[in-house]
Amino acid sequence: MKGITKEFPGVLALDNVSISVRKGEIHALCGENGAGKSTLMKILSGVYAHNEYSGKIVINGENVEFKSIKESQDAGVSIIYQELALVEDMTIAENLFLSHDLIRKKIINWNKIYAEAKKWLQYIGLDLDPQTRVGDLTVGKQQLIEITKALTQKTEILILDEPTAALTESDVEVLMNLLNELREKGVTCIYISHKLNEVMSLADTVTILRDGKTISSDPIEQLNEDKIITKMVGRELTELFPYEARPISTENVLEVKAYTTTDNSGSKVSDNVSFSLKKGEIVGISGLMGAGRTELFMSLFGKFDGKRDGSVIVDGEDVNIKSPAEAIQKGIAYVSEDRKRFGLVFGMNITQNTTLAALNKVMKVNLIDAALELRRTMDLTEKMMLKAPSLEARVEQLSGGNQQKVVLSKWLLTNPKILILDEPTRGIDVGAKYEIYKIINELAAQGVGIVIISSELPEVLGMSDRILVMAEGRITGEFSRDEATQEKIMLCATGGDNLEQSVGNR
C-alpha cells in the first residue's frame, strides 16, 4: 500500500500512509486508537472503494482497485473483525460456505458440504462436528471458525483486528499456534493488536501508525515493548500505571455481607460473598473467566433475575436494589465490559449518549434544555480529553478509546459515590489507557469508591489499593497493594484456598 490518504468530513484519517508486507509473514500493525489502523485495513479489504481514497494497492506485483469487499475477497484478501460475522443459529458447515457457490445453488448437496466442512476443520486442527450450531461454541472456537471461513475463500492475506480481545488464555494459545502454522503454509497475516506481548511473540515485522501517518516499520528483532509504546504515543510512558498514593477514608461507602445469588435454574452465581469498599479506595477484582466477577457486581447494580440473599449497605444505608435505575439513585455507576452493547447507543451522538443516564441534570420543566445539555457534555468531554470532530458526531464513528471516554462521561454525570469499572481498558491503546487511569486517580482523590474488574493482572496490580480474588463465585483471596503478586493472585484464582497470606478486611 503506497501513499494512502483518506479523509472524512473534518478529519484526515490517513495521511500518505505506506506499508509493505512480505508473503508468508505475520505483520503487526500497531498504534493508538484513532491512529488509522482500521481505516487502512478497510481500504485493503474493499470496505472503502478505490475512488474514496488516494494512493495505490499492489498485490503480488499487480496494481489493484477494489470497488467492493467481494472484489477484495476474490483477490485473496479477508478481514476478521473483533465482532465476529457468524450466524449463531446456523451450523458450522452453513457458516463456512454461506457465501460460497456450494450453498448458493438451487439444489444443495448437503453431504458434499458436510464433507468439505470436515476437511477444512481438520486442516485447521478442530475436532468438531460440522453440524454443530455455531451459537453453542465458545467465543474462541467461533474465532477459529471465522478464520476457517476465510481460508475456504482461498485467502492469501488474512487481516485480524484485535482477535484476542474476548478470548481466554487457552483460546489465545490455540489461535497463536494456528497463526504460526498458517505462516508456515505461506498465508500472509496482518495482525492488529494492543496486546504488545502477543505482538512481540508472534510478529515478524511491526509497522506503527500515529495520527494517520506511518511512523516506522521494523523487524521484531529491533524492537521491544517500550520502543513500540514510545513510537505509538510519541513520548515515553515512564509508568504504564500512574498509581497515586492518597489518604483513604476509614468510612465504608459499600459493605456486602454474606451475599449469595442463585439463578433461575437453582445454580449459585455468587456464594457467601463479603467485602467492603471505602470512600476514595480503588479495589481491584481479579479472577479467571467464569469466576463470577461480572455477575456479582451486575447483581449489586440491580441487573439480576434470580434470588438474592445477604445484605448490601451503601453509604451507611441498608438497600435492596432491584434495578439499575434504583442503583443510580443510590449513587452506583457501572461501566460495562461490553461498551458497544451495553455502554453506548449507536446512532446517537456524543451529547445524547453522555446525558442518557442523568437526563434529570439537563432538564428544565420536564424538557431537555439543549444548551444546558451541551454545556454539561462539553465540561465532561474536555476533562476526558475526548478526540472527536464535534459533539454531534455519532459514537460509532469514534475510536475505541474515545468511545470508552464517552461511557465514563455518561456515568460521571450521575455524580456516583461508587464507580464499578468492568474491563475499563479492554481493546484500547496504551495512551488512552494512561489517560483513563489518571481520571480514575482523580475520582478516587475526590472520595469516589472505585471497583476495577480486570482480566489483566498488571492493571489490577498497578492501579489497586487492595485486591480481591474470585473463583467459582467466591472470594478466595484478599491482598493489600504491597503484598499482592501475580503468583499469589493466580493461586487464589485457580481455586487454591491458601489464604494464609491474605490480608485486609474480609
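These are my notebook entries on a predicted model of one protein chain.

**Ground rules**

I number residues from 1 along each chain as its sequence is written, and my side-chain values use heavy atoms, with hydrogens and water left out. Because the model is predicted, I ask for pLDDT of at least 70 for local features and 80 or more for side-chain atom pairs, while totals for chains, interfaces and linings use all residues.

**Overall build**

I started with the secondary structure. The protein chain has 17 helices and 22 strands. Both are DSSP runs numbered from the N terminus: helices are H or I with at least four residues, strands are E with at least two.

Along the principal axes, the C-alpha atoms fill a box of roughly 70 × 50 × 50 Å.

I then checked burial. Of the 506 residues, 51% count as buried. Buried means under 20% relative accessible area, exposed means over 50%, and partly exposed lies in between (1.4 Å probe, protein chains only).

I also looked at contacts, meaning heavy atoms within 4.5 Å. Among those between residues at least 6 apart in sequence, 66% join residues at least 24 apart.

**Domains**

I noted three domains. Domain 1 covers 2–234, domain 2 covers 240–331 + 417–495, and domain 3 covers 344–415. These bounds come from an automatic or database domain assignment. The C-alpha centres of domain 1 and domain 3 are 33 Å apart.

**Aromatic pairs**

How many aromatic pairs does a search of the whole structure find? I got seven. Rings of Phe, Tyr and Trp (its six-membered ring) pair if their centres lie within 6.5 Å; planes under 30 degrees apart are stacked, over 60 edge-to-face, and the rest tilted.

I picked Phe275 and Phe297. Their ring centres are 5.6 Å apart and their planes meet at 50°, so this pair is tilted. Phe275 sits in strand S12 (residues 268–278) and Phe297 in helix H9 (residues 293–300), so the pair ties together parts 22 residues apart in sequence. Phe275 is buried at 4% relative accessible area. Phe297 is buried too, at 1%.

Then I turned to Phe301 and Trp411. This pair is edge-to-face, with 5.9 Å centre to centre and 80° between the planes. Phe301 is in the loop between H9 and strand S14 (307–314), and Trp411 is in helix H14 (residues 400–412), so I logged a link between distant parts of the chain, 110 residues apart. Phe301 counts as buried at 6% relative accessibility. Trp411 is buried at 8%. Together with Tyr334, Phe301 and Trp411 form one aromatic cluster.

**Charges over rings**

I looked for a charge over a ring: NZ of Lys or CZ of Arg within 6 Å of the ring centre and within 35 degrees of the ring normal. Lys6 lies over the face of Tyr48, 4.5 Å from the ring centre. Arg481 lies over the face of Tyr243, at 3.5 Å.

**Cysteines**

I searched the whole structure for disulfides and found zero. The test is a pair of cysteine sulfur atoms within 2.5 Å. Cys30 is buried at 1% relative accessible area. Cys189 is in no disulfide. Cys189 also counts as buried, at 4%.

Ala258 is in strand S11 (residues 252–262) and is partly exposed, at 37%. Glu472 also has a positive phi, near 50°, and is not a glycine. Glu472 lies in the loop between strand S21 (466–471) and strand S22 (474–480). Is Glu472 buried or exposed? I have it as exposed, at 66% relative accessibility.

Last, I looked up Asp136. This residue is in the loop between helix H4 (110–124) and helix H5 (139–152), and is exposed at 56% relative accessible area. Asp136 and Glu184 are 48 residues apart along the chain, and their C-alpha atoms are separated by 31 Å.
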